[in-house]
Amino acid sequence: MCLAIPAQVVELRDNDNALVDLAGVKKEISLALVEGVVVGDYVIVHVGYALNKLDPEEAAKTLKLFAEMGELAPGDDLTIH
Amino acid sequence: MKYIDEFRDGEVAKGLAEAIRREANPARNYHFMEFCGGHTHAISRYGVSDLLPANVKMIHGPGCPVCVLPIGRVDQAIRLALEQGVTLCTYGDCLRVPASDSLSLLKAKARGGDIRMVYSSADAVTLAQKNPDKQVVFFAIGFETTTPPTAVAIKQAAALGLKNFSVLCCHVLTPSAISSILESPEVRQWGTVPLDGFIGPAHVSTIIGSRPYEFFAEEYRKPVVIAGFEPLDVMQAIRMLVRQVNEGRAEVENEFSRAVDRDGNLKAQALVAEVFEMRKNFEWRGLNILPYSALRIRSQFAEFDAEKRFPLGYKSVADHKACECGAILRGVKRPQDCKIFGTVCTPENPVGSCMVSSEGACAAHYTYGRYKDVA
Ligand code: SF4
């Protein structure tokens, strides 16, 4: 019920709607809750609505942090604030 | 899939597990509550608990919207369908929630109720538009993620001048549930569980931002780390919590910065504030009546309020005697502590609400965890 998934906007449509691509499956969703979405953006989709945009730079930072994790010495400060 | 698979990488998970092991102090125990059903699901499905050192324990919280929906509310929805003859629409997860008289919405449908599963609140509005001779009621449940879509549906119905659409509003608020775990009087009845910190909800936080949790960090001295739903997100959040505890800090940190900031989605918040207001009291399943913990429709939109349109008194109904959902939702007991877990109560035939959705603690443990205990 809480689960929502990141999907890429592939087409903007009338009435604040958009077509998104969910792993190859195309689905029409509503953009009524978000602002300034353009084709190519990733949005988090839940019960047919985009809840928010996904920030690719922040995603890349988080992944980089994971990758470094295994090699860390104790005490290195990588805490995200 | 992009932004999913890379957050599930097994090798990276091992690295993170190692980092947690290194940082966790072997001389103490850590108890963290994952508030959200989505996290419960991820932890069970990917076996995150198995990767954690024995002194780091995860406790399931009350953040599954289906699990906290009280019987009395489902009864109201059933009565709308069976007695008032409305077309009742709701999200799929609600259909199997056990209600009074051994009924559920699914069973009421078999008895002739016009009950439909919708994917989105917008589908319910469309159904009302297409069937002007039928009263269509949307049974709206869930936390801050499903509330804005309900607000949009009500505003749409108002703009279209629909006379046959209304909403049975059962939307609840996350921060209230967290407070109740920390301070409700039932803590005396159930006993209490030592909590060292919370994993904050993912998608709820995309809407409300991280700011509402600052209160918990300050007032209760509990660290909160908001985390995404993928297993690596959850593990990183655990690591951040361990670190806060070790350093004696109680702050709000955000692991899910790719989708959450401090302020949240202001457009969605404005829509919710326009359509809904606080309810003084609302009953939660397993958590009793919590003050200012839910929303109702503002009088300006009263014609779309099913509780005003139909004679629907609310009657509280006690859970099945054997069901331990109340204690499980508070993190005091585990699913396997319930006498009827996995025997009388199964996902196919749930007795309590925690067994209904795959995000409920009992269902998650039944599906992914139960064989480990016997092996
Ligand atoms: S096993 Fe079933 S009856 Fe027992 S606590 Fe879980 S949901 Fe309730």
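**View 1. Buried residues of helix H2 in chain B.** In this predicted model, the buried residues of H2(B) are B:Gly37, B:Gly38, B:His39, B:Thr40, B:His41, B:Ala42, B:Ile43 and B:Ser44. Buried means under 20% relative accessible area, exposed over 50%, and partly exposed in between (1.4 Å probe, protein chains only). H2 of chain B spans residues 37–45, and eight of its nine residues are buried, so the helix is largely enclosed by the rest of the structure. B:Gly47 follows H2(B) and has a positive phi, near 60 degrees. Helices (H or I, at least four residues) and strands (E, at least two) are DSSP runs, numbered from the N terminus.

**View 2. Surroundings of B:Val97.** B:Val97 sits in the loop between strand E3 (87–90) and helix H5 (105–110) of chain B. B:Val97 is buried, with a relative accessible area of 0%. Leaving out residues up to four places away in sequence, B:Val97 touches B:Val66, B:Val74, B:Leu103, B:Ser104, B:Arg285 and B:Val356. Contact means heavy atoms within 4.5 Å. B:Val74 is 23 residues from B:Val97 along the chain, and their C-alpha atoms are separated by 7.5 Å.

**View 3. The ligand shell.** The residues around the ligand are B:Cys323, B:Glu324, B:Cys325, B:Ile328, B:Cys338, B:Ile340, B:Phe341, B:Cys345, B:Gly352, B:Cys354, B:Met355 and B:Cys362. Each has a heavy atom within 4 Å of the ligand. By class, the shell has 10 nonpolar, one polar and one charged residues. Ala, Val, Leu, Ile, Met, Phe, Trp, Tyr, Cys and Pro count as nonpolar, Asp, Glu, Lys and Arg as charged, and the others, Gly among them, as polar.

**View 4. The interface of chains A and B.** Here 53 residues of chain B are in contact with 44 residues of chain A. The area buried between the two chains is about 4,200 Å², and carbon and sulfur atoms give 65% of it. B:Tyr3, B:Tyr119 and B:Lys267 supply 16% of the area that chain B buries against chain A, more than any other three residues. Buried area is the accessible area (1.4 Å probe) that two parts lose on being put together, summed over both. The model scores ipTM 0.85 and pTM 0.89.

**View 5. The E1–E2 loop of chain A.** Chain A runs β-β-β-β-β-α from the N terminus. A:Asn15 lies in the loop between strand E1 (5–13) and strand E2 (17–22). A:Asp16 is in the loop between E1 and E2 too. Phi is positive at A:Asn15, near 55 degrees, and at A:Asp16, near 65 degrees. A:Asn15 is exposed at 71% relative accessible area, whereas A:Asp16 is partly exposed at 40%.

**View 6. Confidence in chain A.** Chain A averages a pLDDT of 83, and 80% of the residues score at least 70. pLDDT is the predictor's confidence in each residue, from 0 to 100. Strand E5 (residues 49–53) has the highest mean, 94, and helix H1 (residues 56–69) the lowest, 84. Over residues 73–81 of chain A, pLDDT stays under 50. Where pLDDT is low, the predicted coordinates should not be read in detail.

**Notes.** Residues are numbered from 1 along each chain as its sequence is written, chains are lettered from A and ligands numbered from 1 in the order in which they are written, and side-chain values use heavy atoms, without hydrogens or water. Local features need pLDDT of at least 70, side-chain atom pairs count only at pLDDT 80 or more, and totals for chains, interfaces and linings use all residues.
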